[in-house]
Amino acid sequence: MEHLPSHVDILPKRIILVRHGESQGNLDDTAYTTTPDNQIPLTSHGIDQARFAGQRIRHLLSDDGLSHNWKVYFYVSPYRRTRSTLREIGRSFPRNRILGVREECRIREQDFGNFQVEERMKAIKLARERFGRFFFRFPDGESAADVFDRLSSFMESLWRDIDMKRLDHHHKRGDETNLIIVSHGLTMRVFLMKWFKWTVEQFEHLNNPGNCEFLVIQLGSGGDYSLAIHHSEEELLHLGLSPEMIADQRWRASATKGDWNEKHSWYLDGFFDHLPSSDSSSSDSDDNNNNNNVHHDHQGEKENNAPVKC
């Protein structure tokens with residue numbers, strides 16, 4: 001959260017990541033052999049999924065009609081299936097609730113190359129399982145690490161938009177701004193990884209949400225964002241979060257910023273071995289070691305303190 005704006009009241013209440021509805025490529029991998037990935041359409045079932053997702057998101061944002069000061073701003077991947085998903089989701093929102101919409105190329109699907117030969121892609125995906133999902137780069141395409149880089153750039157732009165009030169020039173105190181990002185499965189996982197500073201190892205255990213499932217990152221009472229405000233432990237486990245990651249999300253839901261390291265020493269333990277609990281512990285240990293190595297030889301002390309001759 002190093003890019004938090006100084007005025008907390010302008011922060012969006014929620015950032016909602018939505019995966020596109022069922023596409024023709026989800027049903028039949030051979031679709032990619034003749035149709036560019038960005039032109040794969042939704043199925044009729046995918047259209048129905050998107051409409052239902054729009055209704056569910058509308059109920060969430062309006063608190064089933066009890067909230068009256070909420071607004072939404074949409075970001076959408078340029079792919080046909082995400083644009084179509086957004087169009088169906090939008091049917092649940094009146095014009096006065098929509099602050100704006102932007103097509104954003106940096107939240108597109110991972111590039112797998114151009115036309116995909118079915119048998120070749122099967123072999124490539126098997127190689128990805130052996131190599132690791134994050135760093136494996138598809139021939140003529142991208143790795144998840146490449147997606148991470150462009151999403152990092154997008155998130156920098158996102159914070160500038162928020163900080164400079166570009167999303168809503170008429171923001172009033174008490175207004176609830178919600179950002180909805182309609183994207184793709186892997187892109188959503190990488191977004192979460194970047195947002196919550198998860199490691200590559202933690203990313204490797206994450207699962208794609210289903211078609212038109214959405215993940216809600218909500219602002220907590222202490223000024224941090226969390227998945228645990230809206231999502232149950234069962235849902236987070238299904239997404240692939242470890243018990244430690246879920247504990248972190250619960251902490252973020254009501255945390256006061258600044259004491260993360262103290263509350264989550266398990267995260268540091270993933271990088272370091274046998275850290276002393278404090279400077280004093282380290283100093284005491286060093287002093288003991290120094291005392292053990294002291295030789296009470298005054299002549300030696302003189303020699304050690306003598307200036308070096310060049």
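Modeller: First a definition: on a 1 Å grid over the protein atoms alone, a cavity is a set of points where a 1.4 Å probe fits but cannot get out, a pocket is an open set with protein on both sides within 12 Å along at least five of seven lines, and lining residues have an atom within 4 Å of a point. Grid points are joined across faces, edges and corners, and a volume is the space filled by probe spheres set on the points. This is a predicted model, where local features need pLDDT of at least 70 and side-chain atom pairs count only at pLDDT 80 or more, while totals for chains, interfaces and linings use all residues. Numbering runs from 1 along each chain as its sequence is written, and side-chain values use heavy atoms, leaving out hydrogens and water.

Colleague: Thanks. How many cavities of 30 Å³ or more are there in the whole structure?
Modeller: The search finds two.

Colleague: Which residues lie nearest the centre of the largest cavity?
Modeller: Ile-10, Ile-162, Leu-167, Asp-168 and Thr-177, out of ten lining residues. By class, that lining has five nonpolar, two polar and three charged residues. Here Ala, Val, Leu, Ile, Met, Phe, Trp, Tyr, Cys and Pro count as nonpolar, Asp, Glu, Lys and Arg as charged, and the others, Gly among them, as polar.

Colleague: And what lines the second largest cavity?
Modeller: Leu-17, Ile-107, Leu-151, Ile-181, Ser-183, Thr-187, Met-188 and Phe-191. Strand E4 (176–183) and helix H7 (185–196) are the elements that give two or more residues to this lining. H7 has the largest share, with three residues. Six of the lining residues are nonpolar, two are polar and none is charged. Helices (H or I, at least four residues) and strands (E, at least two) are DSSP runs, numbered from the N terminus.

Colleague: Switching to pockets, what volume does the largest one have?
Modeller: About 520 Å³. It is lined by 24 residues, with Asn-26, Tyr-32, Glu-109, Phe-112 and Lys-125 closest to its centre.

Colleague: Which element gives the largest share of that lining?
Modeller: H5, with five residues. The lining of the largest pocket has five nonpolar, eight polar and eleven charged residues.

Colleague: Now the packing. At what angle do H6 and H7 cross?
Modeller: At roughly 65°, and the axes of H6 (residues 144–163) and H7 come within 9 Å. Axes are lines fitted to C-alpha atoms, for helices over the stretch in contact, and angles run from 0 to 180 degrees between N-to-C directions.

Colleague: Is that crossing left-handed or right-handed?
Modeller: Right-handed. A crossing is left-handed if the near helix is turned anticlockwise from the far one by less than a right angle, and right-handed if clockwise. By class, the contact of H6 with H7 has twelve nonpolar, two polar and one charged residues, where contact means heavy atoms within 4.5 Å.

Colleague: What about H3 and H4, how many Å apart are their axes?
Modeller: 7 Å, with H3 (residues 44–62) and H4 (residues 80–89) packing at an angle of about 45°. H3 passes H4 in a right-handed crossing too. Ile-47, Ala-50, Arg-51 and Gly-54 of H3 make the contact with Thr-85, Glu-88 and Ile-89 of H4.
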